[in-house]
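Student: I have a model open and want to go through it with you. Can we start with what counts as a helix here?

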Amino acid sequence: MGKRSRKRARPAGERVIEAPAAPPSRKQRERTRRDALPPPPWAPVPLVELAVLAALIIGVIGFFTSGPKGAILLVCAAVLGSLAGLEITIREHFAGFKSHTTVLALAIAVAAMAVAFFGGGPKWLVIAVGAPLFVLSFVLLRNTFARRSGGYTVR
């Protein structure tokens, strides 16, 4: 046997350093992220998916219905679909999984602006209510996410 074919003898205290494992594939990373999603309180029932399906059905019916009934159905479909998406963003944000600070702050501001607009107040009141409320809720939601995610402000 030649010198190269023989294994080198190691001292008793020497450690063997193994090669690093291959990084996980994209498919494995996506599966891990999906598994890390926080479950909803109604976990076995796919409530969000059913709400989106209902919004799609109502939207199609509203599209083919003429007159004001069709417009009302289309608005209801948009609101129902938006609420389904908003539920997921709220759950992910407050679980510290993913930051949705801007979307949530904007939803709060738009809701307050809608109340000011339909309340019959002056037009300047809509902006005077919405802008500061957006900034305040943005700061509070960002701090909340940082606490829940272990110090990260964006994830």
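Tutor: Helices are DSSP runs of H or I with at least four residues, numbered from the N terminus. Keep in mind that this is a predicted model.

Student: OK. Which helix holds Phe117, then?

Tutor: Phe117 sits in helix 4, which covers residues 101-118.

Student: What is Phe117 in contact with, leaving aside neighbours within four places in sequence?

Tutor: Lys123 and Val126. As for Ile127, 10 residues from Phe117 along the chain, the two C-alpha atoms are 9.6 Å apart.

Student: How many aromatic pairs are there?

Tutor: The structure has 3. In one of them, the ring centres of Phe117 and Phe118 are 5.0 Å apart and the planes are at 80°, so that pair is edge-to-face. Another pair, Phe134 with Phe138, is tilted, with 6.1 Å from centre to centre and 35° between the planes.

Student: How far apart are Phe134 and Phe138 in helix 5?

Tutor: They are 4 residues apart, so about one helical turn separates them.

Student: And which of these Phe residues are exposed or partly exposed?

Tutor: Phe118 is exposed, at 71% relative accessibility. Phe134 is partly exposed at 26%, and Phe138 is partly exposed at 22%.

Student: Switching to helix 3. What should its span be, and what is it in the model?

Tutor: Helix 3 has 27 residues, so at 1.5 Å a residue it should span 39 Å. The C-alpha atoms at its ends are 39 Å apart, which agrees.

Student: Which residues of helix 3 are buried, and what do they pack against?

Tutor: Gly70, Ala77, Ala84, Glu87, Thr89, Glu92 and His93 are buried. The buried residues of helix 3 pack against helix 2, helix 4 and helix 5. Just after helix 3 comes Gly96, with a positive phi of about 80°.

Student: Last topic, the largest pocket. How much space lies in it?

Tutor: About 160 Å³.

Student: What lines the largest pocket?

Tutor: The lining has 13 residues, and those nearest the centre are Pro38, Pro40, Glu49, Ile88 and Arg91. Helix 2 (47-64) and helix 3 (68-94) each contribute at least two residues to that lining.

Conventions: Residues are numbered from 1 along each chain as its sequence is written. This is a predicted model: local features need pLDDT of at least 70, side-chain atom pairs count only at pLDDT 80 or more; totals for chains, interfaces and linings use all residues. Side-chain values use heavy atoms; hydrogens and water are left out. On a 1 Å grid over the protein atoms alone, a cavity is a set of points where a 1.4 Å probe fits but cannot get out, and a pocket is an open set with protein on both sides within 12 Å along at least five of seven lines; lining residues have an atom within 4 Å of a point. Grid points are joined across faces, edges and corners, and a volume is the space filled by probe spheres set on the points. Contact means heavy atoms within 4.5 Å. The expected span of a helix is 1.5 Å times one less than its number of residues. Buried means under 20% relative accessible area, exposed over 50%, partly exposed in between (1.4 Å probe, protein chains only). Rings of Phe, Tyr and Trp (its six-membered ring) pair if their centres lie within 6.5 Å; planes under 30 degrees apart count as stacked, over 60 as edge-to-face and the rest as tilted.
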